[in-house]
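Here are a few exercises to work through with the model open in your viewer. Try each task before you read its solution.

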Amino acid sequence: MSIHDYHEAVLLNEAVSFLITDPSGVYVDGTIGGGGHSEKILEKISKKGIVIGIDRDREAVAYSKDRFKKDVSQIQIYQGAFEALDQIVQNAGIEKINGLLLDLGISSHQIDEPSRGFSYLKEGPLDMRMDLQGKMTAYDVVHTYSEASLADLFFYYGEERRARQIARKIVIWRDKERLDSTTDLANLIRGMSSGRFVNKTLSRIFQALRIEVNNELSQLKTALKKGDDVLKLGGRVVVIAYHSLEDRLVKRFFRGEFLSFLRQDMIEPVESRRFRALHKKVIRPSTDEIARNPRARSARLRAAEKIR
Ligand SMILES: C[S@@+](CC[C@H](N)C(=O)[O-])C[C@H]1O[C@@H](n2cnc3c(N)ncnc32)[C@H](O)[C@@H]1O
């Protein structure tokens, strides 16, 4: 498989230019995926610099290990979720890092592989786990959550206005017949929506399920906190988010507040403001990049420097 078939890195130059402050530093790519960003970091650092690549998806780890087999003196790759970030850094014998990059969400390879169950356009099991050893699948969520919990999930994580109606329909349907595949679920939702907006609804429902299955917002919050703990003063955090829930969390974190993930009106303060944003407005891909890689269209990059 070619590198571009696996995943085309988004906002590549922008992300890496914000990230690197010292060519001999240590940089953590917390979402190595197919290794697009890591490759660029390797290009920009000196022989003394180090990259630590992390991914919770074993396939991504195997792919990147193979891709970078010639660079083992400079890049170490580990399987693990964000909650293990500090432990992984410590086990690598490193005390503090110069930068952390998080390119959130899933890779093209994960979306395109029907057996992973991420896409409503491809028939596959209702799985959606990034780590195939994770305990809960989308099937479990759809079949075991109460109607009220499903409605909350679709409303808060999918920002779907018809959350309650869709949850109701799922619960009625699952009692008669199971929803085994992505297509079963997609067809049920298609049957309730008229024409134009159906794909938007499908994206929102699939997004909500994916966030729940992989505990994505809580993972992000952990990554930011742990990243802060292991980051040197003057070090940088760069995050590329693909939906507003993640982006809002990152923005709040850099401002010294935490947005709680279910209730948007509940703000959890962090001890003090420790970051300074490196740009005024959120950074979006250029129209050229979006034309080349339509999957970049929802990306929003934020970068900040640790100031205390
Ligand atoms: C958008 S892709 C990254 C692509 C990568 N930057 C590249 O250039 O190929 C996101 C990757 O992050 C991983 N990931 C998402 N959430 C994670 C988490 N909480 N812990 C570890 N890895 C995670 C996914 O498995 C996926 O491989």
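Contact here means heavy atoms within 4.5 Å. The model is predicted, with local features needing pLDDT of at least 70 and side-chain atom pairs pLDDT 80 or more, while totals for chains, interfaces and linings use all residues. Numbering starts from 1 along each chain as its sequence is written, and side-chain values use heavy atoms, with hydrogens and water left out.

**Exercise 1. Describe how domain 1 and domain 2 meet.**

Step 1: get the bounds. Domain 1 covers 3-103 + 216-306 and domain 2 covers 114-214; such bounds come from an automatic or database domain assignment.

Step 2: count the contacts. Domain 1 puts in 16 residues, against 11 residues of domain 2.

Step 3: get the buried area, meaning the accessible area (1.4 Å probe) that two parts lose on being put together, summed over both. The answer is about 1300 Å², with carbon and sulfur atoms giving 46%.

**Exercise 2. Find the salt bridges across the interface of domain 1 and domain 2.**

Step 1: apply the rule, a side-chain nitrogen of Lys or Arg within 4 Å of a carboxyl oxygen of Asp or Glu. That gives 5 salt bridges across the interface.

Step 2: check a pair. Glu159 and Arg248 form a salt bridge, with the closest N and O atoms 3.2 Å apart.

Step 3: look at the elements on the domain 1 side. Helix H4 (58-67), H12 and H13 each supply at least two residues of the side touching domain 2. Helices (H or I, at least four residues) and strands (E, at least two) are DSSP runs, numbered from the N terminus.

**Exercise 3. Work out the strand order of the open sheet.**

Step 1: pair strands wherever DSSP finds at least two bridges between them. The 7 strands then line up as E3-E2-E1-E4-E5-E9-E8, with mixed pairing.

Step 2: find the edges. E3 (75-79) and E8 (275-277) each have a single partner strand, so one side of each lacks a neighbour in the sheet.

Step 3: inspect a pair. E4 (residues 97-103) and E5 (residues 231-241) run parallel, joined by 6 bridges; Leu102 has Val239 in E5 as its bridge partner.
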